[in-house]
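Welcome, and please take a moment to look over the model below. The briefing that follows walks through it topic by topic.

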Amino acid sequence: QVQLVESGGGLVQAGGSLRLSCAASARLFGIDTMAWYRQAPGKQRDLVADITSVASTNYEDSVKGRFTISRDNAKNTVYLQMNNLIPEDTAVYYCNVKGSMYGYYDYWGQGTQVTVSS
């Protein structure tokens, strides 16, 4: 079973930056979309950003211009650069990888906490 290992979360003041990383524990073939989601206390898990196999990106409106998603296919890793953080960005951030190779797969990371203080 492939695991996604996230890192880079933490506590930061408003206006600061963090860079999240998510790496697969084993080589994955046929990756389609890599994405970051977040879930704040008492709220549902929502998409923050995703990136396709041809590097097409999509962002949730509130993070446009502040967050940048990127991927390193050779390392099976996805990143989320978060700049100009605001308290409303506080949440647990999850990475997600979808693809197909001898069958469809949909993997989730364990989550990493991001806390932005005002």
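Strand 7 and strand 8 form a hairpin with four residues between them, and Asn76 in that turn has a positive phi of about 50°. Strands here, like helices, are DSSP runs numbered from the N terminus (E, at least two residues, for strands; H or I, at least four, for helices). This is a predicted model, in which local features need pLDDT of at least 70 and side-chain atom pairs count only at pLDDT 80 or more, while totals for chains, interfaces and linings use all residues. Residues are numbered from 1 along each chain as its sequence is written, and side-chain values use heavy atoms, with hydrogens and water left out.

**The hairpin**
- Strand 7 (residues 67–72) and strand 8 (residues 77–82) pair in the antiparallel sense over six bridges; two strands count as paired if DSSP finds at least two bridges between them.
- One of the residues to look for is Ile69, whose bridge partner in strand 8 is Leu80.
- Strand 7 has two faces: Phe67, Ile69 and Arg71 are on the covered one, whereas Thr68, Ser70 and Asp72 are on the uncovered one.

- Strand 1 and strand 3 are joined in the antiparallel sense over four bridges, and Val5 has Ala23 of strand 3 as its bridge partner.

**Ser7, a residue of strand 1**
- Ser7 lies in strand 1 and is partly exposed, at 38% relative accessible area. On this scale, buried means under 20%, exposed means over 50%, and partly exposed is in between (1.4 Å probe, protein chains only).
- Apart from neighbours within four places in sequence, Ser7 is in contact (heavy atoms within 4.5 Å) with Arg19, Leu20 and Ser21.
- Gly111 is 104 residues away from Ser7 along the chain, yet their C-alpha atoms are separated by 8.7 Å.

**The disulfide**
- How many disulfides does a search of the whole structure find? The search finds one, where a disulfide is a pair of cysteine sulfur atoms within 2.5 Å.
- Cys22 and Cys95 form this bond, with their sulfur atoms 2.0 Å apart.
- The pair links distant parts of the chain, 73 residues apart: Cys22 is in strand 3 (residues 18–24) and Cys95 in strand 9 (residues 91–100).
- The torsion about the S-S bond of Cys22 and Cys95 is about 45°, so the disulfide is right-handed.
- Cys22 is buried at 1% relative accessible area, and Cys95 is buried too, at 0%.

**The chain as a whole**
- The chain has zero helices and eleven strands.
- Its radius of gyration, taken over C-alpha atoms, is 14 Å, which agrees with the value near 13 Å for a compact globule of 118 residues (the rule is 2.2 Å times the number of residues to the power 0.38).
- Along the principal axes, the C-alpha trace spans about 45 × 25 × 25 Å.
- Buried residues make up 42% of the 118 residues.
- Of the contacts with a separation of 6 or more, 54% involve residues 24 or more positions apart.
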